[in-house]
Amino acid sequence: MNQSQDLSHQAGQKMGQAQEKTSQMADKARETAQSAMDSMQQAGQQMQAKAQGATDAIKDTMGMKK
């Protein structure tokens, strides 16, 4: 293999490694985004449950509960 071919081969390897690293980083970003969405959904559900509990307590206090 001459020097030009060797450099071309090394460049190809580096490009492949860079593409793999980019793919791994994209996967990690997707996982992080999904985790954040899950956390936000859970927090929203907790807030909704607390609001419903507060509403029920007020209705009970006011004698409006069915």
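Modeller: Lys and Arg count as positive and Asp and Glu as negative, while His and the chain ends are not counted. A charge is placed at NZ of Lys, CZ of Arg, CG of Asp or CD of Glu. The model is predicted: local features need pLDDT of at least 70, side-chain atom pairs count only at pLDDT 80 or more, and totals for chains, interfaces and linings use all residues. Residues are numbered from 1 along each chain as its sequence is written, and side-chain values use heavy atoms, leaving out hydrogens and water.

Biologist: How far apart are the mean positions of the positive and negative charges?

Modeller: The chain carries 8 positive and 7 negative charges. The distance between their mean positions is 9 Å.

Biologist: What is the radius of gyration of the chain?

Modeller: The C-alpha trace spans about 90 × 10 × 5 Å along its principal axes. For a compact globule of 66 residues, the rule (2.2 Å times the number of residues to the power 0.38, over C-alpha atoms) would give a value near 11 Å. The chain itself has 28 Å.

Biologist: Is Met 62 buried or exposed?

Modeller: Met 62 lies in helix α1, residues 3–62; helices are DSSP runs of H or I with at least four residues, numbered from the N terminus. Buried means under 20% relative accessible area, exposed over 50% and partly exposed in between, with a 1.4 Å probe and protein chains only. Because its relative accessibility is 57%, Met 62 counts as exposed.

Biologist: How far apart in space are Gln 3 and Ser 39?

Modeller: Gln 3 is also found in helix α1. In sequence, Gln 3 and Ser 39 are 36 residues apart. Their C-alpha to C-alpha distance is 54 Å.

Key. Helix = DSSP H or I, 4+ residues; strand = E, 2+ residues; numbered from the N terminus.
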